[in-house]
Amino acid sequence: MGARIAVIIALSTLFSYLHILHTLRTEALERLQQHVSERGEREQAIFLLAEDNHALFRKTLTERIRSLQKQEEEVRVRFDSLFVRRPDGTVRNRPELLDSTRMAQVFIPSHVVLDAGFRARVLAAYDMLTWYGPVVQMRFTTTYVTFPEGAIVGFLPTFPTWTQDLPPDFSLESYEDFPLGKPENNPQRRTAWTGIYKDNVSNTWMTSVNTPVDLDGRHVASIGHDVLLDELLARTINDHLPGAYNLLFRDDGQLIAHPALKLEGTTRAYNILSNAEQPEAAARLLGSAENAAHLRAIFERVKGREPARAMLELPEYGEYVAVTQLRGPGWHLATVLPGYVVSQPALLAARYVLIIGILSLLLELAIMYQVLQQQITRPLHAFTQATDKVAAGDFQVALDTARRDELGQLAQAFQLMADEVKRREEALRQANEGLEQRVEERTHELKDVHLQLVQTARRAGMAEIATNVLHNVGNVLNSVYTASQLAKERVHEMRLEHVVRVAHMLQERQTDLSTFLTQDGRGRNLMPFLDKLGQNLLEDRQEIVSLLDDVGRYTEHIGDIVKVQQDYARTPRMQDRVSLADLLEDALRINSAGIVRHQVKVRRLITPLPPVMTDKHKTLMILVNLVSNAKYAMDGVPPSERLLTVKLEQSAADRVRISIQDNGVGIAPEMLTRIFQYGFTTREEGHGFGLHSSAIAAQEELGGTLTVHSDGLGHGATFTLELPYLPAQQTT
């Protein structure tokens with residue numbers, strides 16, 4: 001029997017292992033595929049941004065060249081004022097006019113002929129880079145325009161004299177991106193990317209992107225970006241799933257990033273994945289020939305896969321590979337997950353199941369041994385113990401009392417015991433009947449008492465709340481009564497009877513009023529008296545109005561008291577130590593995908609402030625909603641003009657202000673009063689709840705305000721969130 005149980009435990013362990021392995025593998029592969037997809041979306045953003053920039057630059061440069069070609073004399077004068085030919089024959093910026101933080105730099109080899117068309121192209125590139133270079137230099141280290149003649153115009157503020165320091169024989173032919181713009185190398189005239197290389201000037205790893213510019217069917221220039229790759233390489237190597245690792249490589253087999261790849265001493269790229277003629281180079285870079293062969297197998301599987309297939313399996317290495325292609329350069333980002341990372345937890349779980357099964361088997365065998373020993377070796381002792389059980393309540397027995405042996409004596413003993421139990425049962429039955437009646441009566445009494453206690457407690461609670469409210473309201477009503485009595489006394493003290501007397505006097509002397517006012521003693525004093533009387537009446541009226549204002553404020557305070565008493569019953573609000581600048585960045589980060597998709601530029605005007613105490617989640621909810629609305633509001637604006645401005649500042653000693661401004665469709669004046677109403681929306685897919693709930697949360701739960709301003713349709717809108725300024729270090 002024990003052997004059969006052991007077989008069952010073994011089979012259960014095997015099935016548990018297979019089930020857990022399947023579950024863990026499914027979850028791990030889904031997590032792996034999701035990880036690679038999300039990483040790909042994030043890593044390709046910089047490349048897509050570069051290509052979007054080039055599309056704008058190519059259009060701008062073409063339009064600028066055509067414009068300058070019509071201004072030949074102005075172009076010549078301006079060209080000579082900005083650039084000068086050096087004794088070595090090259091043409092460069094005039095040193096006395098060069099400001100590399102705002103201007104592009106120019107280098108023209110000595111062999112280039114400076115005709116009118118070439119001057120127009122150089123000036124057009126110089127203007128375009130001066131306009132756009134400062135805007136994009138935060139994301140791209142260098143923006144430049146090269147010409148088929150070998151000249152270059154670039155914006156690189158980090159190296160302010162780079163064109164001044166170039167040798168006279170400097171040539172662009174040695175750079176990988178320069179030939180990419182030539183028609184014979186790029187007949188489709190598309191944007192092309194170079195491989196990875198280390199820049200000799202900045203000593204950093206980067207890649208370059210080149211977009212050819214044709215005018216009237218002729219190659220006139222090429223636009224370029226340098227994209228820094230240090231952060232991408234570091235993230236690829238260091239940011240990975242537990243137990244997995246990442247690698248990055250091109251379609252032609254150039255390995256870009258791998259944990260075992262040592263790039264520090266390398267100044268050129270090795271195509272070690274697809275080129276089998278470089279085994280020594282691959283082994284030297286990757287540590288061993290086995291590593292090189294392993295990576296070559298991964299590359300071949302990725303290269304031969306179906307385009308829509310993102311998950312691959314390498315059974316010969318026991319690995320799973322999730323891959324995605326970065327749009328732009330077309331690089332492959334792959335994450336390799338060894339199979340043991342999935343199987344080890346399953347083996348560990350199966351081991352636990354096996355151990356528990358063995359312990360259960362041992363325990364069951366011990367129990368069986370004890371039961372058998374009691375049933376076989378001590379049966380008579382068990383019968384004797386049964387008498388005690390019957391005496392304790394189990395009196396259902398059917399024994400043969402005619403036997404004369406020990407078992408017969410035992411049967412007689414059971415019979416005597418049964419009679420005794422029967423007698424006791426009858427007594428207990430009668431006692432139970434009386435007890436049930438008494439319990440029922442007592443239950444009714446307890447229910448009545450409980451109902452009375454509940455009603456009494458309810459009245460007491462209502463009385464306590466009413467007492468608190470009436471006490472606080474009574475205090476305010478005392479102030480209301482005092483202010484009203486003072487106002488009443490002021491009204492009684494007003495000298496209105498003097499006005500009546502003056503009126504009677506003037507009515508009596510109506511026929512000779514002029515003589516009375518100029519010659520009679522009482523008449524001459526009448527005008528000064530009226531002036532003083534009027535001043536007294538004005539002062540009395542001002543005091544009465546002030547007292548009535550106090551009555552109004554006290555009356556409003558009564559409503560505040562009732563509201564405060566009601567707030568005591570609500571759940572207290574939770575406040576956290578929050579950095580508003582970080583919270584604003586979180587709101588932008590949550591909307592980052594939509595911001596990039598909508599091609600919205602973000603301008604930050606953030607004043608450094610210490611952390612404050614507020615409801616983090618409510619504030620973040622409001623900011624995310626405002627940023628999202630601003631993004632959709634700019635759909636009708638050309639992509640190059642979409643600008644979202646976020647501003648954080650301290651508006652007063654106790655207030656902080658966050659503004660979200662867009663240059664979108666704007667808001668009509670008649671809509672400003674309805675923008676925060678429930679159900680009101682200007683978008684077809686909107687539900688009209690976001691701004692309504694945000695305004696309520698800002699006012700009622702954060703203690704602030706949410707307002708909107710717009711100069712009308714087509715002039716954008718600004719939403720302003722003001723919050724109490726409560727620095728965290730002061731709330732101890």
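Reader: What makes a residue count as buried, and what percentage of the chain does?

Author: Buried means under 20% relative accessible area, exposed means over 50%, and partly exposed lies in between, using a 1.4 Å probe and protein chains only. By that rule, 38% of the 732 residues of the chain count as buried. Please keep in mind that this is a predicted model: local features need pLDDT of at least 70, side-chain atom pairs count only at pLDDT 80 or more, and totals for chains, interfaces and linings use all residues. Residues are numbered from 1 along each chain as its sequence is written, and side-chain values use heavy atoms, with hydrogens and water left out.

Reader: Why is Leu-166 called buried?

Author: Its relative accessibility is 16%, so Leu-166 counts as buried. Leu-166 lies in the loop between α5 (162-165) and β6 (192-193). Helices here are DSSP runs of H or I with at least four residues, strands are runs of E with at least two, and both are numbered from the N terminus.

Reader: What does Leu-166 contact, leaving aside its neighbours within four places in sequence?

Author: Leu-166 is in contact with Arg-92 and Phe-107, those neighbours aside; contact means heavy atoms within 4.5 Å. The C-alpha atoms of Leu-166 and Phe-107 are separated by 8.2 Å, while the two residues are 59 apart along the chain.

Reader: Is Arg-189 buried or exposed, and what about Asp-216?

Author: Arg-189 has a relative accessible area of 16%, so this residue is buried. Asp-216 has 65%, so that one is exposed. Arg-189 belongs to the loop between α5 and β6, and Asp-216 to the loop between β8 (205-215) and β9 (218-228).

Reader: What is phi in Arg-189 and in Asp-216?

Author: Phi is near 60° in Arg-189, a positive value in a residue other than glycine. For Asp-216 the positive value is near 55°, again in a residue other than glycine. Most residues other than glycine have a negative phi.

Reader: What makes a set of residues a nonpolar core?

Author: The members are buried Ala, Val, Leu, Ile, Met, Phe, Trp, Tyr and Cys residues, joined through side-chain atoms within 4.5 Å. In the largest such core, of 53 residues, Leu-61 and Ile-108 touch the most other members. Helix α4 (residues 116-136) gives the largest share of this core, 10 residues. Apart from it lies another core of 38 residues, including Leu-583 and Leu-721.

Reader: Which residues does Ile-108 touch, not counting those up to four places away in sequence?

Author: Ile-108 touches Phe-79, Thr-90, Val-91, Leu-114, Phe-118, Val-122 and Ala-151.

Reader: Why is the pair of Phe-83 and Tyr-126 called edge-to-face?

Author: Rings of Phe, Tyr and Trp (its six-membered ring) pair if their centres lie within 6.5 Å; planes under 30 degrees apart count as stacked, over 60 as edge-to-face and the rest as tilted. The centres of Phe-83 and Tyr-126 are 5.6 Å apart and the planes are at 85°, so the pair is edge-to-face. Phe-83 sits in strand β1 (residues 83-85) and Tyr-126 in helix α4, 43 residues apart, which links distant parts of the chain. Both Phe-83 and Tyr-126 are buried.

Reader: How do you know that the charge of Arg-119 sits over the ring of Phe-79?

Author: The rule asks for NZ of Lys or CZ of Arg within 6 Å of the ring centre and within 35 degrees of the ring normal. The charged end of Arg-119 is 5.7 Å from the centre of the Phe-79 ring and sits over that ring.
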